[in-house]
Amino acid sequence: SMATAQAEALKLAHSTWVGYGPFYIAQAKGYFEQEGVEIELSVMENTPLKMGALMAGRVDIVASTADEFPTYMRDGKPLRYILAVDNSNGGDGVVSQKDILTVADLKGRSVAFEEGSVSQFFINALLHKAGLTQDDIKMINMTATDAGVAFAANRVDAAVTWEPHLSQGASMEHGKILVSSAETPGLIVDVVAVLGSTAVEHEAELKGLVRAWQRALNFLQSNPDEAYQIMADGVGGWLEDPDEFKAAASGIEYLSIAKNIEMFGTPEAPGVLSQTIENAIDIWGSLGRIKVADLKASDLVDTSFLN
């Protein structure tokens, strides 16, 4: 009966972002239903609220950046990464003063980014690669939008932000793109994660979710105009105009199941996603933001849903 089906709906929470658009295609085109899963999609901008709801079982599935999940995990409630949905491919980056030639040149300079966000993870990963830490720069804590605005106004030496603020900052006389996510594939990637208990209890439905995701990507490829309209309507907010949505989507790459298999890798040969999760555990751990002992990427990555 409908009542039973309704009770069985899995709740998926996500922020307003182009990466999550294909879920709305899957819903509109009946792919979820055809693949044996009922998904209730909801927009939740506030990350702590969304993650708290996931840990408490008030939502079943969260889509967010890969690095964020370890910081919200609690003892006895392991999470499983089951699907990577999009990879930032130029949509995020660091905009800087023209005299800053490399990431190492950020030493001693003011850099604006949001504490606890993917921007902090991104800049720390870049600094680490350049042999520096966050202590080597002057951190200015502000949202990605405010950081972009502050840089455009020439009030900071660099900002970690995303489009359209990235291009706007780079177009200033004092500005340039120091590094974009196009140069760091797999570092900023949006994923779908569930509690371990959900992975076990709803294995069949979650496999259906993954199959429906691939069908949505196929539809996007074959019917782009209709697809962008559906995605813009579904995600809404600042992306409600299909042209805006399409422009924002140019900074990401939607990830097929084949691409997922490559990015997840195997226990013997971990892929770039596993490396990003290890990176996140190291970076957020060093910043005191991880509450669970002995977290390992290999315990969190679950490739069983991709087959």
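Which residues in α2 meet which residues in α11?

**Source of the views.** This is a predicted model, in which local features need pLDDT of at least 70, side-chain atom pairs count only at pLDDT 80 or more, and totals for chains, interfaces and linings use all residues. Residues are numbered from 1 along each chain as its sequence is written, and side-chain values use heavy atoms, with hydrogens and water left out.

**View 1. Packing of helix α2 on helix α11.** Gly-21, Pro-22, Tyr-24, Ile-25 and Ala-28 in α2 meet Ala-227, Ile-230, Met-231, Gly-234 and Val-235 in α11 (contact means heavy atoms within 4.5 Å). By class, this contact has eight nonpolar, two polar and no charged residues; Ala, Val, Leu, Ile, Met, Phe, Trp, Tyr, Cys and Pro count as nonpolar, Asp, Glu, Lys and Arg as charged, and the others, Gly among them, as polar. Helices (H or I, at least four residues) and strands (E, at least two) are DSSP runs, numbered from the N terminus. The axes of α2 (residues 21-28) and α11 (residues 224-235) are 8 Å apart, at an angle of about 105° (axes are lines fitted to C-alpha atoms, for helices over the stretch in contact, and angles run from 0 to 180 degrees between N-to-C directions). Helix α2 is therefore roughly perpendicular to α11, a term that covers 65 to 115 degrees.

**View 2. The five-stranded sheet.** The strands of this open sheet follow the order β7-β6-β8-β5-β9, with mixed pairing; two strands pair if DSSP finds at least two bridges between them. Because β7 (138-141) and β9 (175-180) each have a single partner strand at the edges, one side of each is left without a neighbour in the sheet. From one strand to the next, the twist averages 30°. Strands β5 (residues 92-97) and β8 (residues 158-162) pair in the antiparallel sense over five bridges, and Ala-158 in β8 is the bridge partner of Ser-96.

**View 3. Helices on the sheet.** Helix α6 (residues 118-129) packs on the sheet and touches β5, β6 (110-113), β8 and β9. The direction of α6 makes about 125° with that of β8. Helix α7 (residues 144-152) lies across β5, β6, β8 and β9, running at about 135° to β8.

**View 4. Lining of the largest pocket.** The lining comprises 31 residues, of which Ser-15, Thr-47, Glu-68, Val-118 and Trp-162 lie nearest the pocket centre. On a 1 Å grid over the protein atoms alone, a pocket is an open set of points where a 1.4 Å probe fits, with protein on both sides within 12 Å along at least five of seven lines, and lining residues have an atom within 4 Å of a point. By class, the lining has 10 nonpolar, 11 polar and 10 charged residues. Its largest share, three residues, comes from α4.

Terms used
Parallel < 35°, antiparallel > 145°, perpendicular 65-115°, else oblique.
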